[in-house]
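Open the model in your viewer and keep the selection tool at hand. The stops below can be taken in order.

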Amino acid sequence: MKIVSAKTTAGITDLPTVPDGRSLLAVGCSYTNEHFRSSINPEIDCSFLKWPTILGSQLGFDNVVNLGRSGNSNDAIFKQTQDYIIDNNNKVDMICVLWTTVARLNLHDIDNVNWNATYNSKLRSSTWPGSLAKQNPKDPFTVKTMRIFNLEKFTAIVENNWIKLAHEHLRNIFMLNQFSRYNNIPIYHMQGVPAYVPYLSTLPGPSGPGDTYPDWMKWYNYKRKEYLKALMCSKYFNILEEQTNIWGWPFERELAGTDMNSEFTEEHIISEKDKHPNAKGHQLIASKFMEIINENTISSRL
Amino acid sequence: MKTLLAVGCSFTNKNYVSDEHPEMDCSWPKWPEIVGKKLGYEVVNLGTNGAANDNIMRSAQDYMAEHKVDMVCALWTEPFRLNIHDAYHANWYAYLRRDARSITGSKRYGVKTFHLNRYKPLVDHIELAKRLCLTDDHTRVASEELRHIHTLDVIGKSHNVPVYHMHGCSLWKNHMYQTASVVLGGITQKEQNQKFKMWLRAFVRSPYFSILDKQTNIWGWPFYEELGGEEPLGNRDYRISEIDSHPSAKGQQILADKYLELIEQNETN
């Protein structure tokens, strides 16, 4: 089986040619990235098999095209997939998507802004008490992003409109689904990193940053409920609800859904600090994709 | 009654008011209403000031997820606008032009003030312009617009609804590099020309170009004069004034005429 993957900085046009044969296209963020390296635990060897390779092998594909990129946004996941299909007409036989957090923005296809991480990093460096206050964000990605955005304004805008993120997420899933149907390619979806991240609740609220807000839990629960309501009110919710190709739908535990991150135990993650999947974690992701693919294949035969 | 869904930016907005000429009555019929009247269609006009192409495509998707329409007409806008999570339209290039105007004092960098008055800058336009214009990253934007057009086509086909396209607002042209050079410095005329050629090459090499090139539902394709394309509002008479380049009543009529021409051609075929 041939594995073709995108390096972290490479666009899809830089991909090597895919040989003839049946191909599985896998897309996602760092949970999918074939070249993932742990920045928190650089001493750990992360060259274990990733879920697209495991799944591709189990399904007997000749090729696995892995477009997973660290920091990818959902918008970029949708658009990368679309670009690849258009560029490689009739060469993709199945698409598996591991969606990421809603708090990332695709910037003209040149960057993906992880604005929560960026905002929190800035918050730590500027206003948090104690030793953290003296730290500057060191992550080069964060530093680069901070130069392009006015973060206070950006956060203020998103904070007032953040429940729109729920609708945006579902629309991306719907649109990729629509696109793959149009091209007659089966597609399967799963949520890797939680769509709603607790960081969303650390955004400045009416009484200041969530972390320092006296009733932090109350604030968090309020924000989470708002998000869940927005998710269910989205016009795409009912459409996706009827589909059988989404594992863990509707991704949130309060709505009887789940994401991969919630399925992981200690044995599935790299370390206590780095929650990315390890070798076992990737096997678990592949097994869940396998589950949904089998279910759909059996029901289509019936 | 059949429904026409019209999507676009301020060029499409039914309730457009000129910031540059607040005294002017701009309540003349806009192209969607003219086209709808001519065809006998009810019109849903989602044109919004400052909308990015991403917003334009997604507004059609959102509407069509819930409502039945019989035809979609899209008037695409400037490619240098960012959709921030459906919550904000960041027109970063308008700020770059404002800077260029304050440096040179030249009216050629005149800005659409409605983008600037309402919000303070969100995107650091200088940093973004550095990323786009001082490196080769600008070529990535070339495919963005074509992808939006194709995506809207797929949406239309998925709903079995004809879609017609035209480009309204400014395209990405040489002026991008010229403006960036004034503000950032260091881009010679020769380099500006080379960069624009590089842009055009990326536009033509986009995987979407060859698909759209075969279609008959795009007026003025491939938009760029250099590639044999056309923009509908080339004549100054079609604009409100020298400082407000939005379509005048005549301009809106021209846009409607072009759409009707395109629709007729396709329906005849």
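In which helix of chain B is the place of Pro32(B)? Select residues 31-39 of chain B: this is helix α1, and Pro32(B) is in it. Keep in mind throughout that the model is predicted.

Stay on Pro32(B) and show its surroundings. Its relative accessible area is 0%, so it is buried. Setting aside neighbours within four places in sequence, the residues in contact with Pro32(B) are Leu4(B), Ala6(B), Thr12(B), Val43(B) and Asn45(B).

Now move along chain B to Glu226(B). Glu226(B) sits in the loop that runs between α9 (207-213) and α10 (249-268) of chain B. Is Glu226(B) buried or partly exposed? With a relative accessible area of 49%, Glu226(B) is partly exposed. Then select Glu225(B), Glu230(B), Asp257(B), Glu261(B), Glu264(B) and Glu267(B) as well; together with Glu226(B) they form a negative surface patch.

The last stop is in chain A. Select His268(A), found in the loop between α9 (260-263) and α10 (279-301) of that chain. His268(A) counts as buried because its relative accessibility is 10%, and the cut-off for buried is under 20%. Which residues does His268(A) touch, not counting those up to four places away in sequence? They are Glu263(A), His276(A), Pro277(A), Asn278(A), Lys280(A), Gly281(A) and Leu284(A).

Note on methods. Residues numbered from 1 in each chain as written. Chains lettered and ligands numbered in written order. Predicted model: local features only at pLDDT ≥ 70, side-chain atom pairs only at ≥ 80, totals over all residues. Heavy atoms only, no water. Patch = residues over 30% accessible without salt bridge, like charges linked within 9 Å, V, L, I, M, F, W, Y side chains within 5 Å. Areas by Shrake-Rupley, 256 points an atom, 1.4 Å probe, with all protein chains shown as cover. Salt bridge = Lys/Arg side-chain N within 4 Å of Asp/Glu carboxyl O. Lys, Arg positive; Asp, Glu negative; His and termini not counted. Charge placed at Lys NZ, Arg CZ, Asp CG, Glu CD. Helix = DSSP H or I, 4+ residues; strand = E, 2+ residues; numbered from the N terminus. Buried < 20%, exposed > 50% of the residue type's maximum accessible area, 1.4 Å probe, protein only. Contact = heavy atoms within 4.5 Å.
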